[in-house]
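User: Could you help me go through a structure today? I would like to begin with charged side chains and then turn to pockets.

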Amino acid sequence: MKLTYLGHSSIHINTGEFQLIIDPFLRGNPNAALQPDEITADYILLTHGHSDHIGDTEEIAKRNGATIIAVVELAYYFESKGLQTIGMNLGGSCTFPFGNLQFTPALHSSSVHIDGVNVYLGSPAGILLHLDGHTLYHSGDTALFSDLKLIGDRNSIDLALLPIGDFFTMGPEDALLAAEWLKARHVIPVHYNTFPPINQDGEQFVANLQPLGITGHALKPGECLNLNDLN
């Protein structure tokens, strides 16, 4: 089972049987490892409706015949474009062919700018995935909030993906506390170094995780982790 970091907050997961992509912002991302026409996906999972997260969803979904899974308002937005979607909501979980997915709260916003108007696209979310014995948590864009402790208490998280960019999300200091509250064994920093306001030192963040007993991975776009090797 392989996880590939594609840049910004986007990751691709190959379970061996299914291909998943989360928040596919590629074409407008100066650090993207791949372009949309290089992506294979059976499912597209979305945390919220900002353009740097929904990105190339429409193009990838059309080319692959992929199913989009998102909070209901965001799912309706893509359904209106003729795409196959499944709309869920915060706290809800469902077992899909690839594994179990639950949307968790995130403190952020969610909209898209269309013809000069911001269109509301539902609540922002994190994504908790149970995949063949592995538990992954993608927090989406979020501020630090105390319910992260509850998520950590109720789940044995093997790998968490946390934003460290600051400005739009929590920064490195808050992300360290989030990692501790989540009790994650491994952490990948995301949502940084894409644009000047969110420039951060991923390697320093990873070094600061070590005294907490957490293994960090400051992956460069295109780098992979074998989830079966995490211990």
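Analyst: Lys-183 and Asp-153 are both exposed, where exposed means over 50% relative accessible area, buried under 20% and partly exposed in between (1.4 Å probe, protein chains only). This is a predicted model, in which local features need pLDDT of at least 70, side-chain atom pairs count only at pLDDT 80 or more, and totals for chains, interfaces and linings use all residues. Residues are numbered from 1 along each chain as its sequence is written, and side-chain values use heavy atoms, with hydrogens and water left out.

User: What do the side chains of Lys-183 and Asp-153 meet in?

Analyst: They meet in a salt bridge, at 2.6 Å from N to O. A salt bridge is a side-chain nitrogen of Lys or Arg within 4 Å of a carboxyl oxygen of Asp or Glu. The pair links distant parts of the chain, 30 residues apart: Lys-183 is in the loop between helix H5 (172–182) and strand E14 (186–190), and Asp-153 is in helix H4. Helices (H or I, at least four residues) and strands (E, at least two) are DSSP runs, numbered from the N terminus.

User: How many salt bridges are there by this rule?

Analyst: The count comes to five. In one of them, Arg-185 pairs with Asp-158, with the closest N and O atoms 2.5 Å apart.

User: Is Asp-158 buried or exposed?

Analyst: Asp-158 is buried, because its relative accessible area is 11%. Arg-185 counts as partly exposed, because its relative accessibility is 32%.

User: Which residues are linked in a network of salt bridges?

Analyst: The network links Glu-58, Lys-62 and Lys-81. Within it, the closest N and O atoms of Glu-58 and Lys-81 are 3.7 Å apart.

User: Now for pockets. How much space lies in the largest pocket?

Analyst: The largest pocket holds about 220 Å³. On a 1 Å grid over the protein atoms alone, a pocket is an open set of points where a 1.4 Å probe fits, with protein on both sides within 12 Å along at least five of seven lines; lining residues have an atom within 4 Å of a point. Its volume is the space filled by probe spheres set on the points, which are joined across faces, edges and corners.
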